[in-house]
Amino acid sequence: MPQTEPTYDYKYLKKPLTAGVIGCPFSGGQPRAGVDTGPLQLIEAGLVGDIEDLGWKVDFVGADKLGESITAENGGSDPDIGKLKKPRLVSKGYDSADGKVVHRSQVNQEVAERVYAHASKGELTVTLGGDHSLAMGTVTGTFKAHPDAALIWVDAHADINTPLTTPSGNLHGCPVSFLMGLPGTSKEEIPEFSWIEPVLKSNRLVYIGLRDIDEGERKILKENNIKCFTMHHVDKYGIGKVVDMALEYVGQDRPIHLSFDVDALDPTVAPSTGTAVRGGLSFREGHYICEAIAETGRLVSLDIMEINPSIAAMEGDVQQTVDIGRSLVRCALGETLL
């Protein structure tokens, strides 16, 4: 039965509680087509109704506008910057060789503005990706509205490569480094990303679920003393203790931005994603993270990223992954069994 009121009180949101849903059909931060269709699949499967049934009001432009809201068509010159691929597209659109704007998508910059627009009204933002490079925009927008926020990053990957360390050049593996202002990401070095402020400090960042880390990332994580709970820690302590330690680390009074890449889940759980790695979170472990953060009443922003409906080894893989994306959102917004 639908609820008339959300399950929990939310310290940093205004009443009536409203979820600002942002669809980001974008795939430019990585090479595999299809991840841009994930948001529409979530909406068509009934996500807006899911949220409303939990007692939330929903602020959403509508599924018919989703493909228009933040698009990124190839229509101009976007040469590599060092190793970085499609840097202008990922950042804020791109220009032709003569400087004339051919298509200005303002992808991450627009995402940041739209997240901030919802967050500044006291709404909880729910951003549907698209690839995880979009976190440059979602975290920027959240932290502009909530400067004291903490980021809990649930992912198989650290996504903290810099332009100096990235082995692939794909920007979905780099958003955290730009948000932290690490070497190689400064306005002087990469002016195309000059709009991104280094809003994220290492003592307000926690990873859960890591199991595939590049050598350069390993060095960055250690040098910056970043708190990481890998799958080893999940196995050792159990997911309940890991989440308790993560929340204790970031502090009891901070707003929380939860950025959840579905590849944090084991591929048997969420098969339709582009960079699957064996040995991930179970169905219940992934959902427990969302449930426990919901219980704090401090969630202000949620990302669900990297559902790729074009990837399916077996019949039912896409539906299974989309259903899990929906259920993660529901748990983060207060769905309980009792």
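Let's start in the middle: of the 57 residues in the largest nonpolar core, the ones that touch the most other members are Tyr10, Trp56, Val126, Val154, Ile208, Leu281 and Leu333. A nonpolar core here is a set of buried Ala, Val, Leu, Ile, Met, Phe, Trp, Tyr and Cys residues joined through side-chain atoms within 4.5 Å. Buried means under 20% relative accessible area, exposed means over 50%, and partly exposed is in between (1.4 Å probe, protein chains only). The biggest giver to this core is helix H12 (residues 317-332), with 7 residues. Apart from this core lies another one, of 42 residues, among them Leu171, Val199, Leu210 and Leu221. In soluble globular proteins, nonpolar side chains tend to be buried together.

Before going on, keep in mind that this is a predicted model: local features need pLDDT of at least 70, side-chain atom pairs count only at pLDDT 80 or more, and totals for chains, interfaces and linings use all residues. Residues are numbered from 1 along each chain as its sequence is written, and side-chain values use heavy atoms, with hydrogens and water left out.

Leaving aside neighbours within four places in sequence, isoleucine 208 is in contact with Ile152, Trp153, Val154, Asp155, Phe229, Ile239, Val242, Val243, Ala246 and Ile289. Contact means heavy atoms within 4.5 Å.

Next, the sheet. Helices (H or I, at least four residues) and strands (E, at least two) are DSSP runs, numbered from the N terminus. Here 8 strands form an open sheet with parallel pairing, in the order E2-E1-E5-E10-E9-E6-E7-E8. Two strands pair if DSSP finds at least two bridges between them. At the edges you'll find strand E2 (57-59) and strand E8 (227-230), each pairing on one side only. Ignoring direction, neighbouring strands of this sheet are turned by 15° against each other on average. Such angles run from 0 to 180 degrees between N-to-C directions, and the axes are lines fitted to C-alpha atoms, for helices over the stretch in contact.

Zoom in on one pair: strand E5 (residues 124-129) and strand E10 (residues 299-305) run in the parallel sense over 4 bridges. Threonine 127 has aspartate 303 in E10 as its bridge partner. Also in strand E5 is threonine 125, which counts as buried at 0% relative accessibility. Not counting residues up to four places away in sequence, threonine 125 touches Gly20, Val115, His118, Ala119, Thr142, Val300, Ser301 and Leu302. Helix H11 (residues 283-296) lies across strand E6 (150-154), strand E7 (205-210), strand E9 (256-261) and E10, and runs at about 170° to E9.

What about charges? Side chains of opposite charge can pair when their charged atoms come close. A salt bridge is a side-chain nitrogen of Lys or Arg within 4 Å of a carboxyl oxygen of Asp or Glu, and by this rule the count comes to 13. In one of them, lysine 11 meets aspartate 253 at 3.7 Å, N to O. This pair links distant parts of the chain, 242 residues apart: lysine 11 is in the segment before strand E1 (18-24), and aspartate 253 is in the loop between helix H10 (239-250) and E9. Both lysine 11 and aspartate 253 are exposed.

A disulfide is a pair of cysteine sulfur atoms within 2.5 Å. For cysteine 228, the nearest cysteine sulfur is that of cysteine 174, 16 Å away. The sulfur of cysteine 331 is 6.3 Å from the closest one, in cysteine 290, which is too far for a bond.

Lysine 15 and proline 16 are joined by a cis peptide bond, with omega about 0°. Another cis bond runs from glycine 129 to glycine 130, with omega near 20°. Glutamate 306 is not a glycine, yet has a positive phi of about 75°; this residue lies in the loop between E10 and H12 and is buried, with a relative accessible area of 3%.
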